[in-house]
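Dear colleague,

I am passing on the structure we spoke about, and my notes on it follow directly below. Please read them with the model open beside you.

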Amino acid sequence: MNFFDNVGVMAIGTRLRMLSEKMSEDAARIYEMYEVDLKPKWFPVFYVLSQSKEKSITAIANEIGHSHPSVSKIVREMVREGILSEKKDTADGRKNNVILTTKGKKIADQILEQYRDVAHAVQAMLDQSRHNMWQAIEEFEFLLEQKSLLERVKEEKKQREAEKVQIVSFDPKYQAFFKRINEEWINAYFVMEETDRTSLENPKEYILDKGGDILVAVYEGEPVGVCALIKMDDPEYDYELAKMAVSPKAKGKGIGWLLGKAIEDRARVLGAKKIYLESNTILKPAINLYQKLGFKKVIGHTTPYKRCNIQMELELKP
């Protein structure tokens, strides 16, 4: 069975690498056939310099999309072969520019027929193909620039793991977890305040019995996150999003997002029009999450917490 048929698209990197190696082998033989003293890996640097009088290594690296160390290494190899030389920049004596030597210029003249034949051969292959690989590569590169493969795989991982998360209503069996996980993050960054102790030690009396709610994220049967919706006595806001905390071992699974969206839905069911929250800008991941959920910064509200330095609100759409 063909390996790639069996593995599928996840082996695209391996397949492209093998294709690149095969093309490089042919390219080396083509240079030999035309008696051109170049190595395939030198071609981008050589071509750029053949189209200009001189360039810095940084300019070459930017133009061909290679790293500065990679281009610097290639330039050193080509200098040793007498194809390139370095000279001081006339405008900035601290900087060296790279130019073709007499040997390099001779190769640039000699290689023109090779350019023509290779271009025609490749175009003929593309014309015979059902899919134009050159255009497909351009499109694939564009998509990777928009979002890397690493970022895309992270999203898939988060989505897959999120499917294992259940958001459930508060139960007395979760009270110890609710208290512990909130105490952990508060003590990690700040100090416990009286309002914290009241709500964490008596969630039923302080939150649930007053018309609020507490949701718990359960991952593979274990509680890993919590978030509370506290009824407010305020003419502008119906509820406050508070006491959101996620276990460090469950980070990266999108649990904060799931809890936030579930709290939004619960607030709508309870007839809320706006949700309010208080936080601190030192908690950057939390602030980023609130912004993604649609919360916007507001000012001018009193707070019982010393640690609060940012207040936010979310208008709930029907």
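The largest nonpolar core has 29 residues, a nonpolar core being a set of buried Ala, Val, Leu, Ile, Met, Phe, Trp, Tyr and Cys residues joined through side-chain atoms within 4.5 Å, where buried means under 20% relative accessible area with a 1.4 Å probe, protein chains only. Those with the most contacts inside this core are L241, M244, I255, L259, I275, Y290 and F295. Its largest share, 5 residues, comes from helix 13, helices being DSSP runs of H or I with at least four residues and strands runs of E with at least two, numbered from the N terminus. Beyond its neighbours within four places in sequence, Y290 is in contact with L241, M244, L277, S279, F295 and M312, contact meaning heavy atoms within 4.5 Å. Another core, of 22 residues, lies apart from the largest one and includes W42 and L49.

The model is predicted, with local features needing pLDDT of at least 70 and side-chain atom pairs pLDDT 80 or more, while totals for chains, interfaces and linings use all residues. Residues are numbered from 1 along each chain as its sequence is written, and side-chain values use heavy atoms, leaving out hydrogens and water.

Is E193 buried or exposed? E193, which sits in the loop between helix 10 (175-189) and helix 11 (194-201), counts as buried because its relative accessibility is 11%. Leaving aside neighbours within four places in sequence, E193 is in contact with P304, Y305, K306 and R307, and its side chain reaches the backbone nitrogen of R307 at 3.4 Å.

With best regards

Notes. Buried < 20%, exposed > 50% of the residue type's maximum accessible area, 1.4 Å probe, protein only. Polar contact = N/O pair within 3.5 Å; in protein donor to acceptor, adjacent residues only side chain to side chain.
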